Amino acid sequence: MGDAHRIGVVGLGVISRAYLDTLVGHRAVRVTAVADLEASRSAAVAAELPGVRALSVEELLSSPDVDTVLNLTVPAAHAQIALGAIGHGKHVYGEKPLAAELTDARTVLDAAAKAAVGVGCAPDTVLGTGVQTARAAVESGAVGRPLFASAAMVTPGHERWHPHPDFYYTAGGGPLLDMGPYYLSSLVHLLGPVRAVIGASSRLRPERVIGSGPRTGERIPVEVDSHVSGVLEHEGGALTTITTSFDGVATTAAPIEVHGERGTLSVPDPNNFDGEVQLLELGAGEKGWRTLPPSAGYAGAARGVGLLDFVAADGRRAPRASGELALHVLETMTALLRSSAEGRRIELTTSVERPAPVPLTPPQEWR
C-alpha cells in the first residue's frame, strides 16, 4: 500500500476521536479527508486538523486523495460504505462488525477480492499486550493442553452513557454483535477458529431509556436480543462458554479464562489493549495466582493500531485485523443467534487462519 498512506474517515461519532488521536501526525499515514451525514460535524472536525478536507460521503469515497476509507459509521451502514469505497478502487478498514448481515459481509469480501483491494476490520484491542501476552502464555504451554474457556460480558446497556444509543438496539447491534467481536476475536487468537455453536438468547425489555445527553429520558425500542449465551466448539477441540448481556448490572467473572490440563489463565478485558494476565498453575498452593509480565503485543496501543497494522502489511503478509477474521467472527455470532431461534446446533461454513502473533513492540516502534 506504500508510505504516507492517505486515509479518509467516514463517520465522525464518538469513536472517531480515538482513531484521529492515533492517526493524525503518524509517520506512516496521513488523514486527508473526513465526511459525515451531518456536514456541520465534518466541517468542525476538519477545521481542527490542518490539511484535512471536509467532504460529502460520496466525494470522499471517490476522492483521488484517499487510499483507504476508515469506515466508522453505524453497523447498518458498514456494508454500504465499504462497497462504495471498494467500487472506487479503495481499501477499506471498518469498525466492527464487518456488516450487520452475514450475506452483506460476504458480498464485501467478494467485491474486494474482485477489485484487488484490502479489507480490514476492528477490533484491534486484541493486538495489545493483554490478549497477546495471554496468547503467548497459552502457546508456551503455560496451562498445558487447553481444554475449555469461559467468556463473560455483562453490562446494564450502553444507553446509560451514549447520547445516541439507538443503533445498539437495532439490526447489527445487541450485546453480541456490539461487544462479542472483542471476545470472539480474542478466542480465535487464543484457541483458534470455531467449527460449531449452540446458542440461547432473550429480549425481556421492549424499550430502553437514554440516560445522558440532549435526549435524556427519551425511550427507544429494543429490536434485537439483549442477552445471548452460547457454547463454541473450536476446531482444535476446546469448548468455550460465552455470555454477552445488556441486561445485568455487573459480573465478578473474569472477562476470559482459559483452562488447561496444568493451569488456568485469566485474560483481561478484551475491550482494552492491556491489563493483567494472571496464571494459576496446578499445585501452586500458597503461591496462588501470579501476574505475567507483558511479553507480546503492541505496547501502549490505542484505537487505530489495527489500521496501522493493516497499512504496514502492504500485501507482504496478512493483516492481523483482517476482513477474513471479521467474517468468521460475524458468522460465529449470527450462528449463535440462529441457533437460539431454531433450537439446534449450527455448523459454521467459514474458518480462518489464526492471525500472526504480535511480538512485543514498544510504542516508539509503532506510533
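Analyst: Start with pairing: two strands pair if DSSP finds at least two bridges between them. Strands (E, at least two residues) and helices (H or I, at least four) are DSSP runs, numbered from the N terminus. This is a predicted model: local features need pLDDT of at least 70, side-chain atom pairs count only at pLDDT 80 or more, and totals for chains, interfaces and linings use all residues. Residues are numbered from 1 along each chain as its sequence is written, and side-chain values use heavy atoms, without hydrogens and water.

User: In which sense do strand 2 and strand 3 pair?

Analyst: Parallel, over two bridges, with strand 3 at residues 53–54. Val 34 stands opposite Ala 54 there. Strand 2 also runs parallel to strand 1 (residues 5–10), joined by six bridges. Ile 7 has Val 31 as its bridge partner in strand 2.

User: How do I read a crossover's hand?

Analyst: Point the strands away from you; a clockwise path from the first strand over the helix to the second is right-handed. Strand 1, helix 1 (residues 16–23) and strand 2 form a right-handed β-α-β crossover. Strand 2, helix 2 (residues 39–48) and strand 3 make a right-handed unit too.

User: How many residues of strand 2 are buried?

Analyst: Buried means under 20% relative accessible area, exposed over 50%, partly exposed in between (1.4 Å probe, protein chains only). In strand 2 (residues 29–35), six of the seven residues are buried.

User: Where does Val 231 lie, and is Val 231 buried or partly exposed?

Analyst: Val 231 lies in strand 11 (residues 227–234). Val 231 is partly exposed, at 31% relative accessible area.
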